[in-house]
Amino acid sequence: MLYINPENCRNRETRESFQGLKLAKFQRKKMLKQFSLVFFVLFASYVGVNSRELKHITKELEVNAPACEAWELYRNLGLINLIVRKLPNVQNTQVLEGDGGVGTVVKTTFVPDEAGNSSYTEEFTVIDDQKRVKAAKGLEGDCLAFGCSVLIVEFDIIEKSQNSCIIKSIISYAVKKEFEAKDPKPTVQIEAITQASKEYLERNN
């Protein structure tokens with residue numbers, strides 16, 4: 001059973017003034033934009049891909065729950081446990097390495113689909129509590145199995161008000177030159193994942 005303690009954020013937020021919250025929210029949004037840009041440039045260099053070769057799929061979903069509660073769900077293995085329960089095509093998940101922090105490797109096994117996807121393995125590469133940003137790089141499976149050289153999934157939790165936030169998801173990927181004509185795309189179910197987390201957070205808020 002997943003549990004998020006709302007006092008973790010409410011005690012902190014009641015100590016801040018309204019003006020302080022507005023300033024902090026503005027600064028966080030600015031830092032998130034700068035961080036995302038720097039992250040993708042550095043990570044692309046790390047995996048040997050020009051950042052200009054990366055394609056991006058971005059989605060945003062508003063949630064009627066405090067940002068810190070959403071982040072508490074996303075930052076560790078809570079989201080993985082929720083996915084198993086809420087996504088019908090997910091059979092199970094296995095933590096192959098780590099405890100939920102940076103370097104953790106997770107394998108998700110699916111009910112095989114028409115494209116032949118049976119599993120997806122990823123490694124957590126960024127968990128930033130200050131900026132509420134989490135990113136993971138794909139190791140095998142999904143579009144990496146049919147033409148992509150890089151797959152990165154990032155979640156940003158953006159505070160909108162004291163009791164609401166935005167979950168921003170960014171899928172970044174690069175296609176191998178020999179597969180460009182086929183134009184392969186990631187099949188990660190970002191919208192289903194964020195919708196499941198929205199329903200969970202709002203039901204428990």
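Analyst: Let us begin with burial. A residue counts as buried if its relative accessible area is under 20%, as exposed if that area is over 50%, and as partly exposed in between. The model before you is predicted, and 46% of the 205 residues of its protein chain count as buried. The chain exposes about 11,000 Å², of which carbon and sulfur atoms supply 50%.

User: How many helices and strands does the protein chain hold, and in what order do they run?

Analyst: The protein chain has five helices and seven strands. Read from the N terminus, the order is α-α-β-α-α-β-β-β-β-β-β-α.

User: Which residues of α3 are buried?

Analyst: The general idea for a helix comes before the case. An α-helix has 3.6 residues a turn, so residues three or four places apart point the same way. In α3, the buried residues are A67, C68, E69, A70, W71, L73 and Y74. Since seven of its eight residues are buried, α3 is largely enclosed by the rest of the structure.

User: Which residues of α4 are buried, and what covers them?

Analyst: In α4, G78, L79, I80, L82 and I83 are buried. Their cover includes the helices α3 and α5 together with the strands β2, β3, β4 and β6.

User: What does L151 touch beyond its neighbours in sequence?

Analyst: Leaving out residues up to four places away in sequence, L151 touches a set that includes Y120, A136, L144, I171, Y173, P186 and V188.

User: Is I157 buried or exposed, and where is it found?

Analyst: I157 is found in strand β6. It is buried, with a relative accessible area of 0%. Apart from neighbours within four places in sequence, its contacts include A67, A70, W71 and Y74 as well as C165, I166 and I167. For the whole chain, among contacts between residues at least 6 apart in sequence, 59% join residues at least 24 apart.

User: Is Q91 buried, exposed or partly exposed?

Analyst: Q91, in strand β2, is partly exposed, because its relative accessible area is 45%. Beyond its neighbours within four places, Q91 is in contact with V84, T109, F110 and V111. From Q91 to F110 the C-alpha distance is 5.2 Å, although 19 residues separate them in sequence.

User: What polar contact does the side chain of S164 make?

Analyst: S164 lies in strand β7 and is buried, with a relative accessible area of 7%. Its side chain makes a polar contact of 2.6 Å with the side chain of S161. Setting aside neighbours within four places, S164 is in contact with V63, N64, A65, P66 and E159.

User: How many aromatic pairs does the structure hold, and which residue lies over the face of F124?

Analyst: A pair of aromatic rings is described by the distance of the centres and the angle of the planes. This structure holds one aromatic pair. As for F124, K134 lies over its face, at 3.8 Å from the ring centre.

Note on methods: Residues numbered from 1 in each chain as written. Predicted model: local features only at pLDDT ≥ 70, side-chain atom pairs only at ≥ 80, totals over all residues. Heavy atoms only, no water. Contact = heavy atoms within 4.5 Å. Phe/Tyr/Trp six-rings, centres within 6.5 Å; stacked < 30°, edge-to-face > 60°. Lys NZ or Arg CZ within 6 Å of the ring centre and 35° of its normal. Helix = DSSP H or I, 4+ residues; strand = E, 2+ residues; numbered from the N terminus. Buried < 20%, exposed > 50% of the residue type's maximum accessible area, 1.4 Å probe, protein only. Areas by Shrake-Rupley, 256 points an atom, 1.4 Å probe, with all protein chains shown as cover. Polar contact = N/O pair within 3.5 Å; in protein donor to acceptor, adjacent residues only side chain to side chain.
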